[in-house]
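Me: Could you walk me through a protein structure, step by step? I am new to this.

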Amino acid sequence: MISQEKIIHGLIAAIATLVLAFPLLGVKLVTDGISPHLENADTNTIVSILVASLAVFFVQVFKDHLSSAFSAIPRPDLLSKIPRPTTTSGRDKAEKIATMLLIAFALAWPFAASRGSVDLATLVLIYVMLGLGLNIVVGLAGLLDLGYVAFYAVGAYSYALLSDYYGLSFWVCLPIAGLLAAAFGFLLGFPVLRLRGDYLAIVTLGFGEIIRIMINNLTSLTGGPNGIGNIPKPTLPAIQTEPDLALVGLEFGKRAKTEGNIPFHEYFGIAYDGSYKVIFLYLLAVLLVVFTIYVIRRLVRMPVGRAWEALREDEIACRSLGLNRTAIKLSAFTMGASFAGFAGAFFAARQGFISPESFTFIESAIILAIVVLGGMGSQFGIILAAIAMTVLPEIAREFQEYRMLLFGVMMVFMMIWRPQGLLPAKRPQLEMTHD
Amino acid sequence: MTDLILDVKNLSMQFGGLMAVDGVSLGIGDKQIVSVIGPNGAGKTTVFNCISGFYTPTGGEVRFQGQEIQGLPDFKISRLGMVRTFQHVRLFSNMTVIENLLVAQHRHVNTNLLSGLFKTPDYKRKEKEAMDYAAYWLRKVNLLDLANRESGNLSYGQQRRLEIARCMVTKPQLLMLDEPAAGLNPNETNELDNLIVSLKEDYNVSILLIEHDMGLVMGISDIIYVINQGRPLASGTPDEIKANPQVIKAYLGES
């Protein structure tokens, strides 16, 4: 049953594991005074390395048995479990009701949950927005963008700088941040239009780094590696009746920091509570996400959305039908970037402090992972994936340095188990009136 | 022949040291079906690519409705009213049949972002028109029942028909078909034959055809151009071509 060949193969793999693991884990560098020397790790580590290589040996030898056992695990078909009315209009109705319930739940939930989890949920929502934005570029238009974090950085820094230098409020800066990020998307779009696939990925990767390094080195403008602090939180617009009618911003701190603003608790005459701020930020994020989802849902069904997908499917056919691929690719880049800009401005407002550290390549990778994990082009899948990608590392905090390892394992398993993502995109069906 | 819809003069295309097309001239009048035939590798598709703007010809002149178009980008040429198909089916295979036809009408719908986001009356009207026009052409090519299917799941013959419908919804004056009958069974070829004639008769479209199926070519063409090794070999009506000894030689080899 088990051939000699397999045993030899297993032995080689096990030895390779030992060779790789011992220098990395089996010895420790200890500094004694000023002279460092090597020391063997404790027995526990050495035993676990041996156990690991044994495990590798057995997995290699019994690989076929394992994979057949693995394929026997039922793959849940999430889509078919959702009850689906047969007629298109009925499905639209069901979808509408489900969306309403989901939004209602998202709005009511923070008042029952703990402050920490509401804060985490806000972070999840930022990633949902980023994922949805990148999905336009990667999932719909099929352009692999590895530097998406650059637009996120542009959004965050536009708000931080505009409020720092000109004292503009969050609500003024939010659209400006979106527009600026869109402008950067447009700028990046121009030189990369001719590129496809891997080449595009490398150029966008470079662009992401350029933006980060530029921010890092423009110390006089951006504060360089020190970042920008004391970024004001968003305010809640309200109407003041005394002394005269005016529009004021409500702040969520104990005292108003900006002149003319009123603290939230004073306006409503209630006691100060720190959780108001967290809940407000969360609700604001929900609002932004709902806006994003609505806009992108419309875009997909609009001519421009159709053109994006057509371009992904067959560029040559598009050209032969009179579609201007330059304009279409640019629009995808610009739109995708603008959502990252909104997310960036919100991120800066929530953190109160930003530095180039927050916009490294790993962020781009996480956002891309959300899109791939969620199922290219699928909105609901992306929301699920964003939750998984943000909440799991928080839960797995105890594992510390093994978090990234778990992350990798999870990705590998996903690719085997559901390569098309959690919820692959469904084509919007167009209803035709037969007569 | 003054009012030619497409007038190609001395077209040549050189790839490095290779002269792929050398001094080819074509003329297509209003409501004409013109075929280009020739042995494999004769440069027929290169001629197509030069005319439709996928290549920039290295010499010669291409006039479409009197306007010089050589060197224009492909999508602009297509917008002038000259669309083509390809030797291999190039559908948007993950998109539904009706979506394929809507994408082709991109220029005729309201592509303004804001009107789309807010569903303005003009946007809705244009979308409806595009949908109706797509449905009209689907009925014409007998694919209406498959409108919501993914186009990649259609049979080969259906995909070929959808491709022609997709060209027709762009409202062209000249349709260029590159081997439309390749891979079709005799029955389907016959349907295609009828469809092409109907496009010409009922929709006033001129057709430029590359085809190897001689039955189809001889049956429907008004004029046939024969190309051999990048050079024009002969031109004339089907009967003239059939009787031309040079053509017979090029096709059948020397006897």
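Predicted model: local features only at pLDDT ≥ 70, side-chain atom pairs only at ≥ 80, totals over all residues.

Me: How are H1(A) and H2(A) oriented to each other?

Reply: Helices (H or I, at least four residues) and strands (E, at least two) are DSSP runs, numbered from the N terminus. Helix H1 (residues 4–26) and helix H2 (residues 43–61) of chain A pack at about 155°; axes are lines fitted to C-alpha atoms, for helices over the stretch in contact, and angles run from 0 to 180 degrees between N-to-C directions. Angles under 35 degrees count as roughly parallel, over 145 as roughly antiparallel, 65 to 115 as roughly perpendicular and the rest as oblique. H1(A) and H2(A) are therefore roughly antiparallel.

Me: How are H6(A) and H17(A) oriented to each other?

Reply: The axes of helix H6 (residues 115–140) and helix H17 (residues 379–395) of chain A come within 8 Å and cross at roughly 135°. By the angle rule above, H6(A) and H17(A) are therefore oblique.

Me: Which residue in S4(A) is the bridge partner of A:Ile239?

Reply: Strands S3, S4 and S5 of chain A form an open sheet in that order, with mixed pairing; two strands pair if DSSP finds at least two bridges between them. S3(A) and S4(A) (residues 246–251) run antiparallel and are joined by five bridges. In S4(A), the partner of A:Ile239 is A:Leu247.

Me: Which element of chain B gives the most to the side that touches chain A?

Reply: Here 31 residues of chain B are in contact with 23 residues of chain A, where contact puts the C-beta atoms, placed from the backbone, within 7 Å. Several elements of chain B each supply at least two residues to that side, including helix H2 (74–79), strand S6 (82–84) and helix H5 (121–140). The one that gives the most, with five residues, is H3(B).

Note on methods:
Residues numbered from 1 in each chain as written. Chains lettered and ligands numbered in written order. Contact = placed C-beta atoms within 7 Å.
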